[in-house]
Amino acid sequence: MTGLGFKAKTASAQMARAQAAIKNRALRGLASLLRQNLAPLQAANQRDLDRASAAGLAGPLLDRLRLGPKDLETVALGCEQLAAMPDVIGEIIGMKQQPSGIRVGQMRVPIGVFGMIYESRPNVTIEAASLAIKSGNACILRGGSEAIESNKALAALVRQALTDAGLPADAVQLVPITDREAVGLLITMPQYVDVIIPRGGKGLIERISRDARVPVIKHLDGNCHVYVDDPCDVAMAVTVADNAKTQKYSPCNATEGLLVAQGVAADFLPKIAAIYAAKGVEMRCDAASAHILRAQPAINSIAKITAATEQDWYEEYLAPIISIKVVAGIDEAIAHINQYSSHHTDAILTRDHLHAQRFLREVDSASVMVNASTRFADGFEFGLGAEIGISTDKFHARGPVGIEGLTSLKYVVLGNGEVRA
């Protein structure tokens, strides 16, 4: 680990001064290599899937581990999107003339070296690597043991793309062993690592936050909500609430809690419940929503409707389960979200502009949406090219962490011989 840290620190100095055209060449080359190596990448991923399945890994975690053609094309497109974006390194913002004659502004610079600790998702290897390249950083990646074959295959392509572009291969290094002691060392090397970014289960992130001796960018879980307001377009609300929950169950931006205004509940709930029931989604309901749904024989006969407990309002299911509550209106919805959510992503579906504005201002989450699915809370979908993770912290970076989240600002002062009186 000391060797990895030393090489990363050395490479970071070279990455910080790399020209934008060279970094973009590496990103485009990586996208090309990913497409050219589809078969061997999927073969490596299948070895991971077979081993994980034999070990009894749960369904949602297997889903996160899977690296299909669509996943590979998405990260390849992310590399190309990053290559097409302006280079923010060296950008000077806020330059202002002072009474003394000096001009003061801030320059955007790379953080240096970041350590990435993540579970299951092998696509994170490419997202982290591509963002490191674009932002002029070096990174040390420590993926989960369940994805070691996939990550090794992906990391080899990253190093090839770096070398082909004339950049140091050590700018992106994968910890090649699965020993957990490697994580303990990575998070306690401030002489080499400038920030740690954990991406995985709540237990992993709590441990990293507790034990790290370097700064941590984190989010603990993704208890996201959709609030169906009165008034709303019920047909649109049904479509969005369906997508927010069922498009994919395992991501942290999938909706786990559905809040419905009392004025539209009788119309909306039977429609969305019929869809959820057909897709096998268990509905954990408060008394008001359960009463409405159980009065519908066609739904009650096929739906799995259970009573919600207090814990359900806090729960990140990552599974075909959703909590449902009828609320009096926007005041109760905002209060519920701010009390129970993980401050990740929450959405309002409404026709009322003032309600939308209140929701945007008052809901204390990293991403807040109006009339859109929470599944859009993603660096690629936000136009960031890729994301290193989604931060629910309030300092340095919040929400999807892209290029700018991997940079720092330093003050620059321009003068012409001025001295302080």
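Which strand gives the most to the lining of the largest cavity? In this predicted model, that strand is strand 6, which contributes three residues to the lining.

**The cavity and its lining**

- The structure holds one cavity of 30 Å³ or more, and about 70 Å³ of space lies in the largest cavity.
- Strand 6, spanning 195-199, and strand 14, spanning 390-391, each supply at least two residues of the lining.
- Among the residues that line the largest cavity are Ile197, Pro198 and Arg199, together with Ile217, Lys218 and His219; the lining also includes Ile388, Gly389, Ile390, Ser391 and Val401.
- By residue class, the lining of the largest cavity divides into six nonpolar, three polar and two charged residues.

**Backbone geometry in loops**

- Most residues other than glycine have a negative phi, and most peptide bonds are trans.
- Aspartate 230 and proline 231 are joined by a cis peptide bond with an omega of about 15 degrees, and proline 231 lies in the loop between strand 7 (224-228) and helix 10 (234-246).
- Serine 120, which is not a glycine, has a positive phi near 65 degrees; its place is in the loop between strand 3 (113-118) and helix 6 (123-135).
- Serine 120 counts as buried because its relative accessible area is 5%, where the cut-off for buried is under 20%.
- Leucine 318, again not a glycine, has a positive phi of about 55 degrees, and leucine 318 is found in the loop between strand 10 (305-307) and strand 11 (321-327).

Technical notes. Residues numbered from 1 in each chain as written. Predicted model: local features only at pLDDT ≥ 70, side-chain atom pairs only at ≥ 80, totals over all residues. Heavy atoms only, no water. 1 Å grid on protein atoms, 1.4 Å probe; cavity = no way out; pocket = protein on both sides within 12 Å on 5 of 7 lines; lining within 4 Å. Points joined across faces, edges and corners; volume = space filled by probe spheres on them. Helix = DSSP H or I, 4+ residues; strand = E, 2+ residues; numbered from the N terminus. Nonpolar A, V, L, I, M, F, W, Y, C, P; charged D, E, K, R; others polar. Buried < 20%, exposed > 50% of the residue type's maximum accessible area, 1.4 Å probe, protein only.
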